[in-house]
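Here is a short briefing to keep beside the model while you look around.

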Amino acid sequence: MQPILIQEVMKTLPHRFPFLLVDRVLNVENGEVHAIKNVSVNEPFFTGHFPGEPVMPGVLIVEALAQASFFCMHEALEPGTIGYLAGVDGARFKRKVVPGDTLHLHAKLEFMRRGLGKTTCRAEVDGQVAAEATILFAVGKG
């Protein structure tokens with residue numbers, strides 16, 4: 001498949017700056033997604049997290065994984081459909097994410113039933129796992 005570029009990402013996700021955390025979707029196949037977030041020193045959260053040692057907050061890494069998860073069903077969703085975060089299980093953080101990193105977001109759809117779904121996710125930088133989590137979400141109309 002061709003990558004899903006930012007223009008199409010913005011048509012799919014309702015999020016906007018500073019909360020749009022998927023820059024490109026590299027691959028969607030059989031309910032699995034590989035997307036990226038380019039982490040820039042200009043991100044607004046770096047001014048306070050932490051001065052002198054900028055580190056991407058774990059909660060935003062989880063949010064990036066949740067946004068990437070939405071693309072597991074990209075082709076099956078009606079326009080205007082929104083995914084709402086319903087839960088996070090087993091979140092673990094194993095490596096700092098800092099300016100200049102490319103965060104590779106991997107999500108695999110485990111199930112989707114009656115508007116509720118579950119994905120297993122991991123975020124990697126340079127082939128090293130930065131975070132892992134199971135994401136639960138509800139799908140509805142925006």
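Buried means under 20% relative accessible area, exposed means over 50%, and partly exposed lies in between, with a 1.4 Å probe and protein chains only. By that rule Thr119 is buried, at 0% relative accessibility.

This is a predicted model, so local features need pLDDT of at least 70 and side-chain atom pairs count only at pLDDT 80 or more, while totals for chains, interfaces and linings use all residues. Residues are numbered from 1 along each chain as its sequence is written, and side-chain values use heavy atoms, with hydrogens and water left out.

**Thr119 and its surroundings**

- Thr119 sits in strand β5, which covers residues 116–125. Helices (H or I, at least four residues) and strands (E, at least two) are DSSP runs, numbered from the N terminus.
- The side chain of Thr119 makes a polar contact with the side chain of Ser69, at 2.8 Å. A polar contact is a pair of N or O atoms within 3.5 Å; within protein, one must be able to donate a hydrogen and the other to accept it, and residues adjacent in sequence count only if both atoms are side-chain atoms.
- Contact in general means heavy atoms within 4.5 Å. Leaving aside neighbours within four places in sequence, the contacts of Thr119 include Ser69, Cys72, Leu109, Glu110, Ile135 and Phe137.

**Helix α2**

- Helix α2 has twelve residues and reaches 17 Å from its first C-alpha to its last, close to the 16 Å expected at 1.5 Å a residue. The expected span is 1.5 Å times one less than the number of residues.
- Ten of the twelve residues of α2 are buried, so the helix is largely enclosed by the rest of the structure. Among them are Leu60, Ile61, Val62, Leu65 and Ser69.
- The cover over the buried residues of α2 includes β2, β3, β4, β5 and β6 (128–141).

**Cysteines**

- How many disulfides does the structure hold? There are zero, a disulfide being a pair of cysteine sulfur atoms within 2.5 Å.
- For Cys72, the closest cysteine sulfur is in Cys121, 7.1 Å away, which is too far for a bond.
- Both residues are out of the way: Cys72 counts as buried at 9% relative accessibility, and Cys121 is buried too, with a relative accessible area of 6%.

**Salt bridges**

- Side chains of opposite charge can pair when their charged atoms come close. A salt bridge here is a side-chain nitrogen of Lys or Arg within 4 Å of a carboxyl oxygen of Asp or Glu, and by this rule the count comes to five.
- One of them joins the side chains of Glu53 and Lys96, at 2.5 Å from N to O. This pair links distant parts of the chain, 43 residues apart: Glu53 is in the loop between β2 (32–38) and α2 (58–69), and Lys96 is in the loop between β3 (81–93) and β4 (102–113). Glu53 is partly exposed at 40% relative accessibility, and Lys96 is partly exposed at 47%.
- Arg95 and Asp101 also meet through their side chains in a salt bridge, at 3.3 Å from N to O. Arg95 is partly exposed, with a relative accessible area of 25%, whereas Asp101 counts as buried at 11%.
- Glu124 forms a salt bridge with Arg122, and their closest N and O atoms are 2.7 Å apart. Glu124 is buried at 16% relative accessibility, while Arg122 is partly exposed at 32%.
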